[in-house]
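Let's take a friendly walk through a few helices together.

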Amino acid sequence: MSSSQVVLSSTLKELYSLDGGNADDVALIYAFPNPTQLASSLPVSHKYAYQGPRTMKLSKDTMARFCLGCLAQYYGFIAGPMDLYLFDIDQTPPELAPVSNPSMAKSVPTHRSDAERVFASLQEAQRPKLRFVEDAQTVARVEKKKAVITPMDFLDGHGALVDQDAHWDLLSKRTLALSGLPSPPTEVIDSVLRADQTGDLTVLEKETERMLERIASRPLPFVVKLPMGLGGHAVFMVKQEEQRQSCLTILRAELPSMFESLTHENEAKKPVSLLVQDVVSGLSDGVSIFITMAGRPVYISTSEQILNERDEWSGGFMDYTRQEARGKQYHQLIERVTEYVYQQGYYGPMGIDVMTDANGQQLIVDMNIRQTGSYTLGLMKKHFYEQRNLPLGGLICPIAAQGDRDHFEAKFADEIRDGSLVIAAWCGSPRGMLGYSACGLLLGAKDREQMQALMAKMANMAVRK
């Protein structure tokens with residue numbers, strides 16, 4: 001084994017096999033959701049609609065490389081030897097990857113060769129069985145139970161591991177607010193419109209203003225959330241008057257799209273709602289767990305979250321020496337969440353974002369009933385800490401790196417060779433060195449100062465938007 005080869009502490013294959021589970025009967029169908037269609041291989045979901053009003057506006061091809069390439073690879077990095085299906089990205093004219101053997105009849109699209117190269121860094125016994133999807137209906141007919149990051153319309157009636165309606169309902173931030181689980185006081189503002197009323201512009205304008213009135217008048221500070229946002233792209237921290245006005249402007253533009261997403265199939269789930277929440281001061285911990293087929297929680301890890309200047313999730317820190325203590329710290333909350341989620345019909349990987357208020361009460365500020373970004377970092381303990389004595393783990397994902405992977409690896413050859421830097425996702429531009437690549441990076445360090453220095457080096461090579 002080379003010094004940089006990754007050995008995971010565990011894999012999804014092992015976790016899905018616990019307590020009578022059969023991971024060989026499960027296929028991972030991975031794509032990070034987007035409100036618009038990004039590639040011909042994956043139809044947009046209308047019933048299971050998602051919101052991202054604060055998502056950076058990028059081209060369709062660029063968004064595909066982040067959502068279908070980089071993020072899907074990153075989540076699949078810990079799959080182990082399970083079937084992992086990634087959706088093809090539409091090719092552009094210069095897209096075909098170079099091949100070393102000119103006699104090969106068919107070149108490999110860049111996003112495919114990039115994914116294969118990422119998973120080749122894992123020890124062979126832990127590599128996923130990688131499949132690429134040209135047509136969603138083909139994977140829908142696969143005779144295995146299908147585990148997803150988030151529900152997708154085309155899988156309805158095609159053997160989802162978890163009932164998609166129940167899963168989508170659990171993903172809603174509205175569900176957490178009404179669950180009875182400990183969370184910050186939250187006011188839920190539901191739309192009163194039905195799907196058959198969304199064609200009347202006058203009605204929509206009146207309903208928009210009714211829903212926004214509370215945000216316009218509520219005393220500062222507070223947090224506004226949309227029910228089906230991910231990665232912080234639908235969360236507004238409102239501490240100043242200018243932030244209130246910015247929030248109102250964005251929501252006036254977003255609510256018409258949310259009304260448009262109302263269908264007779266989903267209107268009972270109240271997908272058009274606003275949540276106005278009290279602010280809890282302090283840092284948020286991301287707690288990762290796996291709920292087995294029998295409903296037993298398996299503690300994975302706890303990380304400190306990193307938010308960017310837009311208050312969007314962009315990575316995390318993890319102290320591997322404190323994981324046992326963190327598991328005990330959140331044990332009761334984990335048990336309570338597991339009981340609630342399992343009763344609703346979900347099992348598999350999930351995360352809880354927890355803050356502790358001034359009275360010492362643990363509050364759930366977000367409940368991610370899906371595999372989360374920090375999940376991967378938790379299963380890197382063996383690679384970083386046990387094999388290389390690097391007690392701190394860190395992740396940055398997604399990040400846009402200038403140039404291609406060969407250029408990146410040459411620049412960080414030492415870190416890659418000693419295993420302190422692992423490329424867990426890479427989806428390059430067809431322009432090679434003239435473009436940029438979407439990537440996910442895992443970092444190991446001796447202490448926080450070294451970790452911050454390593455993260456700064458990564459940030460310095462990132463494309464500035």
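A polar contact here is a pair of N or O atoms within 3.5 Å, and within protein one of the two must be able to donate a hydrogen and the other to accept it. Keep in mind as you look that this is a predicted model.

With that cut-off in hand, go to the start of helix H15, where a side-chain oxygen of Asp447 comes to within 3.3 Å of the backbone nitrogen of Glu449. Now follow the helix along. H15 takes in residues 448-460, and its 13 residues should span 18 Å at 1.5 Å a residue; the C-alpha atoms at its ends are 18 Å apart, so expectation and model agree.

Which residues of H15 are buried? They are Met451, Leu454, Met455 and Met458. These four cover an arc of only 100° around the axis, so they sit on the same side of H15. The general rule behind such a pattern is that an α-helix has 3.6 residues a turn, so residues three or four places apart point the same way. Turn to the face of H15 directed away from its buried side, and you will find the exposed residues Glu449 and Asn460.

The buried residues of H10 are Leu333, Ile334, Val337, Thr338, Tyr340 and Val341. Just after H10, look for Gly345, which takes a positive phi of about 110°.

Next, let's see how some helices pass each other. The axes of H2 (residues 60-76) and H3 (residues 110-119) come within 10 Å and cross at roughly 20°. Angles under 35 degrees count as roughly parallel, so H2 and H3 are roughly parallel to each other. Their crossing is right-handed.

For H7 (residues 201-217) and H8 (residues 241-260), the axes also come within 10 Å, but the crossing angle is roughly 150°. That makes H7 roughly antiparallel to H8, because angles over 145 degrees are counted that way. The crossing of H7 and H8 is right-handed.

Finish at Arg405, in helix H13 (residues 405-411). Is Arg405 buried or exposed? Its relative accessible area is 9%, and because buried means under 20%, Arg405 is buried. The side chain of Arg405 also makes a polar contact with the side chain of Glu409, at 2.7 Å.

How values were computed. Residues numbered from 1 in each chain as written. Predicted model: local features only at pLDDT ≥ 70, side-chain atom pairs only at ≥ 80, totals over all residues. Heavy atoms only, no water. Helix = DSSP H or I, 4+ residues; strand = E, 2+ residues; numbered from the N terminus. Expected span 1.5 Å × (residues − 1). Buried < 20%, exposed > 50% of the residue type's maximum accessible area, 1.4 Å probe, protein only. Arc of directions from axis to C-beta. Axes fitted to C-alpha atoms, helices over the stretch in contact; angles between N-to-C directions. Parallel < 35°, antiparallel > 145°, perpendicular 65-115°, else oblique. Left-handed = near helix turned anticlockwise from the far one by under 90°.
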